[in-house]
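Good morning, everyone, and thank you for making the time. I would like to take you slowly through one protein model, so please keep the picture in view while I talk.

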Amino acid sequence: MDLPISVRTNLISGQGSLAEAADVADGRVFLVTDPGIVAAGHVARLEALFRAKGTPCQRFDAVTENPDEADVQACVAAFEAAFGDEKPEWIVALGGGSSIDVAKGCSMLVASGGRMRDYIGHKTTRKPQLPVLAIPTTAGTGSEVQSFALITNSDTGRKMACGGEAPAVAILDPDLTRSQPPFVAACAGLDTLAHAVETAVTKARTEASVQYAREACRLVERNFETSLRRPEDVAARSAMLRASAAAGIAIENSMLGAAHSMANPLTRQFGVVHGQAVGQLLPFVVRFNAEDSAAAAAYAELAYDAGVAEHTDPIPVAVNKLIVRLSELVAIAGFERTFANVPASAIEALATEAAEQWTAQFNPRHVDVHAFRALFAQVTA
Ligand SMILES: [Zn+2]
């Protein structure tokens, strides 16, 4: 069934749009962020906006990378302690995907109770949640437009996609992504690219979600390199934020594929940063999936649309050009040797865990342990 796309988050974008935060979140604000964002000065700017408006604001600024259930519980405890007897009316997330995911998780737990592991899957919370205003400082995970919070199980170390409500509003201000360290910008940009390429071909894709995937792909193709080489270029950074949100909307409707299934065990077992992992896996996964003729046609459309291939190119040529371009973008990010420290002896465990990932079922070509074994052997060769 080709349902119309759901876009649940109101987007406010443009340079200086952070100034609108205090108009959006106009009641007691509970701010969720991390120490790096405090150090970058963004928290002080946002708090000054709330102060100027007379909006009370209290904060939790201890979010860590790849947040787990304990991070969300700590955030919930700070939420419960904020404002005494009165409760916060807005949760504002300022930061990367980790801060936004913790804020969404906090909103889920204060409404419905329990632990994050109780909410694995689609829309499992039952009670209305407090509205979240998401303000990304990286471009990006697309978490600002998604209903899923990615939280690690504190016992097993595995990532869980926990389904609640998407942020009510997201502010996409390129002034905030200027402070991304180059490595973070490169990882986040490749993550967006992987979201765009995977959502364009998944089994769950719809006509509408493919349009968002293609828009994201076009924007990354034209702006990723510039945003890395000239981080002062506001237009390029703005385009990357829009790409991240567009790809996030596509994920909400299309889910993801094998590159994401393979990235999670690499992150958990070897500490490889998510964006770096999915970026480097992508050309291999595209080559594997393109054995399926429908997937190959979808990749070719993506390549024509992004200007990576000529419209006159036959499908196999267009797919090949897409693979070459993806590899180039990985090289531009400086990540060609990401898996050098992964030994051949680890392939079996990696393949087993990849096959258990939720995202594997949406990959356009059937993937099982056997297929993942072969793919991991290729990428670590
Ligand atoms: Zn991702």
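I will begin with the sheet and then turn to the salt bridges.

Please keep in mind that what you see is a predicted model. If you look for the strands, you will find that six of them form an open sheet in the order E1-E8-E5-E4-E2-E3, and that the pairing is parallel. E1 and strand E3, which covers residues 57-60, stand at the edges with a single partner strand each, so one side of each is left without a neighbour in the sheet. From one strand to the next, the twist averages 20°.

For those who are new to this, strands of a sheet pair through backbone hydrogen bonds, in either a parallel or an antiparallel way. Take strand E4, residues 90-95, as an example: five bridges join E4 to E5, and the two run parallel. Within this pair, Ala93 stands opposite Ala134, which belongs to E5.

Now to the side chains: how many salt bridges does a search of the whole structure find? The search finds 20, and I will go through three of them.

Glu252 lies in helix H8 (residues 234-254), whereas Arg8 lies in the segment before strand E1 (10-13), so the pair ties together parts that are 244 residues apart in sequence. Glu252 is buried, at 6% relative accessible area, while Arg8, at 44%, counts as partly exposed.

My next example is the salt bridge between Arg117 and Glu69, at 2.7 Å from N to O. Because Arg117 sits in the loop between helix H5 (97-112) and strand E5 (132-136), and Glu69 in helix H4 (residues 69-81), this pair ties together parts that are 48 residues apart in sequence. Is Glu69 buried or partly exposed? With a relative accessibility of 6%, Glu69 counts as buried, whereas Arg117, at 23%, is partly exposed.

Finally, Glu221 and Arg325 meet in a salt bridge of 2.8 Å, N to O. Glu221 is in helix H7 (residues 207-229) and Arg325 in helix H12 (residues 315-333), so to speak two distant parts of the chain, 104 residues apart, that the pair links. Glu221, at 18%, and Arg325, at 16%, both count as buried. Elsewhere, salt bridges that share partners join Arg158, Arg268, Glu353 and Glu356 into one network.

Technical notes
Residues are numbered from 1 along each chain as its sequence is written. This is a predicted model: local features need pLDDT of at least 70, side-chain atom pairs count only at pLDDT 80 or more; totals for chains, interfaces and linings use all residues. Side-chain values use heavy atoms; hydrogens and water are left out. A salt bridge is a side-chain nitrogen of Lys or Arg within 4 Å of a carboxyl oxygen of Asp or Glu. Helices (H or I, at least four residues) and strands (E, at least two) are DSSP runs, numbered from the N terminus. Buried means under 20% relative accessible area, exposed over 50%, partly exposed in between (1.4 Å probe, protein chains only). Two strands pair if DSSP finds at least two bridges between them. Axes are lines fitted to C-alpha atoms, for helices over the stretch in contact, and angles run from 0 to 180 degrees between N-to-C directions.
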